[in-house]
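Please give me a short briefing on this structure.

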Number of protein chains: 2
Amino acid sequence: MREDPQRLRFEIDARDGSARAGVLHTAHGPVETPAFIPLATKGTVRGLESAEVAALGYELILGNTYHLLVSPGPDRIAAAGGLHRFMGWERALITDSGGFQVFSLAHGGVADEVKGKGRPGGEQGSVVSIDEEGVRFRSYRDGTELFLSPETSMETQAKLGADIALAFDECTPYHADREYTARSMQRTHRWLDRCLAWHGEHGPERQAVFGIVQGGVHEDLRRESAAAVAAAGVDGIAIGGTLGRDKEEMRGVLALTVPLLPEGVPKHLLGIGDVDDLLAGIALGLDVFDCAIPTRLARHGTALVPDPANRFRLNLRSAKWEGDRAPIAADCPCPACQHHDRDYLSYLSRNEELTAVRLLCLHNLTFMRELVAGARRAIQTDSFAPYSASITGGESPWKA
Amino acid sequence: MREDPQRLRFEIDARDGSARAGVLHTAHGPVETPAFIPLATKGTVRGLESAEVAALGYELILGNTYHLLVSPGPDRIAAAGGLHRFMGWERALITDSGGFQVFSLAHGGVADEVKGKGRPGGEQGSVVSIDEEGVRFRSYRDGTELFLSPETSMETQAKLGADIALAFDECTPYHADREYTARSMQRTHRWLDRCLAWHGEHGPERQAVFGIVQGGVHEDLRRESAAAVAAAGVDGIAIGGTLGRDKEEMRGVLALTVPLLPEGVPKHLLGIGDVDDLLAGIALGLDVFDCAIPTRLARHGTALVPDPANRFRLNLRSAKWEGDRAPIAADCPCPACQHHDRDYLSYLSRNEELTAVRLLCLHNLTFMRELVAGARRAIQTDSFAPYSASITGGESPWKA
């Protein structure tokens, strides 16, 4: 691991089994872990202002290199003084590498986030070519040809100026076979070296770089990838690629992969944010989790609730909430629950009112924030297992 | 005029020429005048929560009977305890009668608000029949046949429970000829009597009723209508119908109509909210103004600014703001101006991000609130004319 306190320092201050509570010290302040990372895909957490996201208690958000490369472009953001200043966010920022999105285009399993913002008419980007050098693709906005490679991804992320950049990788899908997954993983390792070489020479001094472990569902490949990434000299390690076809397989892959990673390094699970998965990840020793689910559910009228039987979800677009005077979730401190009942929120959601998107976004991010804050307190008091059981048993995160 | 302090009391505490500063005492608290009334068309000020609208300083908002009749329906709102409780708004509420929207459908000049919310595909409502009894029309949502008449409008408004209900009228368009306008006006007067008769028997005790003066651009008709509405026994008077083809004609019609109205009654100018028109209306002695413009502009990426040369508008969807580090308006206290520059807001607006709609909504409503608050202070210090001149000369409302 690199040792550069100027860049990123990870302090673990409590452990409970494999779970740990820590603080990630970034160039833009501390991030308490375990942390959930909301997505500010295009330079804004949809419907919320940066100051509101901070007021919810979040210390780290994620911007998407692919989307910001397409619009407004890294040069415009660099001219504003970087993504922090562009969007008025004063705390820590991480950017992904763009790899996930361009390979989602290539593999046909287009990422939901990409689908979510096709222009009316369903226009989407497309991949022109993939080779050792990088990926050539067309912008989903105007068809312009763009190129992402280890170097251009790092260059873009340097311009965005995030506190943490992610190395450019191929995110292999579940339907890729073992051989493809192995070859792709090895290229991802070569790309990691190129990312670090570029970053060492040109990267911002205070920007950390996380490497990404691939290898799909194959134990030997995950082992090989964990060793390669750890050896490359990164500031943190993220787990990417397919984790299997269901939650059970995902937990198996994580249970074998996490212990392969160096102990003291911050560990990021990419793109996972279901309540039970997040708790399972924390139990295994993962520290940070980014996911579109809480904000995407909000846009589609679904609230997170302490209801494991319904995957912790309450669909406000159902007609059945008409006349229901209860809040989404009793005792939740968010404005949706403090000021409104399900009847009204359901009406707003069914009518696709902006106010509903915003209120559900505030609610879902409050839920996730309370969930990880509770996990942190539980780890500090050696009670993570009962905390996790209480949540998966239906207790509210703000009560547990 | 009715004299019922339980219902509505209008206190004029300062005059400056014909302009006046007052307080409208409603069943849900005081409303300082002159007042701008934001639209909560469908039971929400788009993108904002009720508590936020109150925090901006607004004491009175307007709900639309037509839209709320179509969805979610008055019975559901009544079951929630009325529109105040349904939407979590604790201050004063006014509802329009639905007449404007159904006659907009009939006259082909469909109201912008109605257009704004056609379903994707452009489905719109349509009028089936208009007669002395009322208007039969089809829901823009599902084609259901609905009926609005003086009695059903008042009954709907009684269920919504607004502090102020508007009488059911025909809003005559500019292209209607004198004869049509005269006949329509006389029917509107008969409808006013029916509204008051229904309300006297069935209306909520603390709900006030405003009558609407019609008569188009014709002096004698406006005179006849003003006399009829004043004689009917209403709690306030609104000016409706066409005011002419341009601002000059509008000011002429208002200059002849306003002096015809009883002095001490609250006077509402329907649907007008351009900055200069609002100042002209205040100068004539009008007290309250509702208008979709500030919030509609926000949804289309336009901010209100102290720039009379550009109709007080700044179009953030223009590419020319790229790299502009200035806020929308210097010294504006809203979060858009306090935290963000034109470069970022333009980027968000051009990408139709919800955050832009929300921030511009906050900005435009801040602008309007400062504008009328400044007018009130100016009237109280006998300086309305110089205040108005400073604004139409390009001074910021928060400075003037």
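B:Leu24 stands opposite B:Val31 in β3(B). The model is a predicted one. Strand β2 (residues 19–26) of chain B pairs with β3(B) in the antiparallel sense, over 5 bridges.

- The strands β2(B) and β3(B) form a hairpin, with 2 residues between them.
- Another pair of partners joins these strands: B:Gly22 has B:Thr33 in β3(B) as its bridge partner.

**The eight-stranded sheet of chain B**

- A second open sheet has 8 strands, and its pairing is parallel. The order is β4-β14-β13-β12-β11-β10-β6-β5 (chain B).
- Its edge strands are β4 (35–37) and β5 (60–63) of chain B; each pairs on one side only.
- Neighbouring strands here are turned by 25 degrees against each other on average, direction ignored.
- Look inside the sheet at β6 (residues 92–95) and β10 (residues 164–166) of chain B: they pair in the parallel sense over 2 bridges.
- B:Ile94 has its bridge partner in β10(B), namely B:Ile164.
- Helix α7 (residues 150–160) of chain B packs on this sheet. The helix touches β6, β10 and β11 (208–213) of chain B. Its direction makes about 160 degrees with that of β10(B).

**Aromatic pairs**

- Over all chains, the structure holds 20 aromatic pairs.
- One of them joins B:Phe367 and B:Trp398, with ring centres 5.7 Å apart and planes at 85 degrees. Planes over 60 degrees apart count as edge-to-face, so this pair is edge-to-face.
- B:Phe367 lies in helix α15 (residues 354–380) of chain B. B:Trp398 lies in the segment after α16 (384–392) of chain B. The pair therefore ties together parts that are 31 residues apart in sequence.
- Both B:Phe367 and B:Trp398 are buried.
- B:Phe384 and B:Tyr387 form another aromatic pair, and this one is tilted. The centres are 6.3 Å apart, with 40 degrees between the planes.
- Helix α16 of chain B holds both B:Phe384 and B:Tyr387. They are 3 residues apart, about one turn of the helix.
- B:Phe384 has a relative accessible area of 4%, and B:Tyr387 has 5% relative accessibility. Buried means under 20%, so B:Phe384 counts as buried, and so does B:Tyr387.
- In chain A, ring pairs link A:Tyr66, A:Phe137 and A:Tyr140 into a cluster.

**Charges over rings**

- In chain A, the charged end of A:Arg136 sits over the ring of A:Phe147, 4.4 Å from the ring centre.
- In chain B, the charged end of B:Arg136 sits over the ring of B:Phe147, at 4.4 Å from its centre.

- Where is A:Thr181 placed in chain A? A:Thr181 is in helix α8 (residues 178–202).
- Is A:Thr181 buried or exposed? A:Thr181 is buried, because its relative accessible area is 3% and the limit for buried is under 20%.
- Leaving aside neighbours within four places in sequence, A:Thr181 is in contact with A:Thr172, A:Ala176, A:Gly215, A:Gly216, A:His218 and A:Leu221.
- A:Thr26 is 155 residues from A:Thr181 in sequence. In space, the two are 33 Å apart, C-alpha to C-alpha.

**How the two chains are related**

- Chain B superposes on chain A by a rotation of 180 degrees, with 0.0 Å of shift along the axis. The RMSD is 0.0 Å.
- That is the relation of a two-fold axis.
- The same surface serves both copies: 100% of the contact residues of chain B recur in chain A.
- Which residue of chain B comes closest to the rotation axis? B:Leu354 does, at 3.6 Å (C-alpha).

Technical notes
Residues numbered from 1 in each chain as written. Chains lettered and ligands numbered in written order. Predicted model: local features only at pLDDT ≥ 70, side-chain atom pairs only at ≥ 80, totals over all residues. Heavy atoms only, no water. Helix = DSSP H or I, 4+ residues; strand = E, 2+ residues; numbered from the N terminus. Buried < 20%, exposed > 50% of the residue type's maximum accessible area, 1.4 Å probe, protein only. Contact = heavy atoms within 4.5 Å. Least-squares fit on C-alpha atoms with pLDDT ≥ 70 in both. Pairing = 2+ DSSP bridges. Axes fitted to C-alpha atoms, helices over the stretch in contact; angles between N-to-C directions. Phe/Tyr/Trp six-rings, centres within 6.5 Å; stacked < 30°, edge-to-face > 60°. Lys NZ or Arg CZ within 6 Å of the ring centre and 35° of its normal.
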